[in-house]
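Welcome, and thanks for taking a look at this one with us. Below is a short briefing, arranged by topic, to read alongside the view.

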Amino acid sequence: MKRHFILLSGLCIALASCTSSDGTMNKGLLGAASGGLIGALIGDGLLNGDDNSSSSGSSSGGGSGSSSGSSDNGGFLEDNSGLITGAVAGYAAGAISDSFAKNEVRQKYLDGYNKGRSDAIKELYWVKRDAERPTEDSSIQRRYYEVPVPEHVTTDGVLVEPRKVVIEVVE
């Protein structure tokens, strides 16, 4: 049992430095290791403590080889039920917290992306506005003339009604 504690605590320390490809810590594996450690401490002590005392009481009154064979024959699952339960619960808790953390990172990325797009559009607006602004000391003059266009038929047979068109003249 002491060997399990050493292995699991070493695994917890090793997994604390592991990261996934997106730079976040993989909390699922870390949760499994720490959950297994907690499960081994609490669960194995509570669950197997009663089983060991009842089996040792029956083995002292019974035969010689059959009780020791049955305690070893109990299996890995029965001997480490708290460890396995803790590891499964820890992995589930780690996976849930991982998904919440990934959703939070994704939302922050989208917020920043949208703010960046907004800033780029604002900057483009001001650059365009400044480029179209006439300079004060330029010798270029712009004049606008209103010219009447009479009713006429275009080459493709469309009748155009009479209207006025504004023409810009740059001098």
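Glu 168 and Arg 142 form a salt bridge, with their closest N and O atoms 2.8 Å apart; the term stands for a side-chain nitrogen of Lys or Arg within 4 Å of a carboxyl oxygen of Asp or Glu. Because Glu 168 belongs to strand β4 (residues 163-170) and Arg 142 to strand β1 (residues 142-149), this pair ties together parts that are 26 residues apart in sequence. Please keep in mind that this is a predicted model, in which local features need pLDDT of at least 70 and side-chain atom pairs count only at pLDDT 80 or more, while totals for chains, interfaces and linings use all residues. Residues are numbered from 1 along each chain as its sequence is written, and side-chain values use heavy atoms, with hydrogens and water left out.

**Overall layout**

- The chain has 5 helices and 4 strands, taken as DSSP runs (H or I of at least four residues for helices, E of at least two for strands) and numbered from the N terminus.
- Along the sequence, these elements follow the pattern α-α-α-α-α-β-β-β-β.
- Of the 171 residues, 14% count as buried, where buried means under 20% relative accessible area, exposed means over 50% and partly exposed lies in between (1.4 Å probe, protein chains only).
- The accessible surface of the chain is about 13,100 Å², and 60% of this belongs to carbon and sulfur atoms; the areas come from the Shrake-Rupley method with a 1.4 Å probe, and for residues only the protein chains shown count as cover.
- Among contacts (heavy atoms within 4.5 Å) with a separation of 6 or more, 62% are between residues 24 or more positions apart.

**Salt bridges**

- The count of salt bridges comes to 5.
- Glu 168, from the pair described above, is partly exposed at 40% relative accessibility.
- Arg 143 forms a salt bridge with Glu 171, the closest N and O atoms being 3.4 Å apart.
- Since Arg 143 is in strand β1 and Glu 171 in the segment after β4, the pair ties together parts that are 28 residues apart in sequence.
- Both partners are partly exposed, Arg 143 with a relative accessible area of 38% and Glu 171 with 48%.
- Glu 146 and Lys 164 also meet through their side chains in a salt bridge (3.6 Å, N to O).
- Here strand β1 holds Glu 146 and strand β4 holds Lys 164, so parts 18 residues apart in sequence are tied together.
- Glu 146 and Lys 164 are both exposed.

**Aromatic pairs and a surface patch**

- The structure holds 2 aromatic pairs, meaning rings of Phe, Tyr and Trp (its six-membered ring) with centres within 6.5 Å; planes under 30 degrees apart count as stacked, over 60 as edge-to-face and the rest as tilted.
- Tyr 109 and Tyr 113 form a stacked pair, 6.4 Å centre to centre with 20° between the planes.
- Both tyrosines lie in helix α5, 4 residues apart, about one turn of the helix; that helix covers residues 81-132.
- Tyr 109 is exposed, with a relative accessible area of 56%, whereas Tyr 113 is partly exposed at 43%.
- Tyr 125 and Trp 126 form an edge-to-face pair, at 5.1 Å centre to centre and 75° between the planes.
- Tyr 125 is partly exposed at 48% relative accessibility, and Trp 126 is partly exposed at 45%.
- Tyr 109, Leu 110 and Tyr 113 form a nonpolar surface patch with about 320 Å² of accessible area together; patches are made of residues with over 30% relative accessible area and no salt bridge, joining like charges within 9 Å and nonpolar side chains (Val, Leu, Ile, Met, Phe, Trp, Tyr) within 5 Å.
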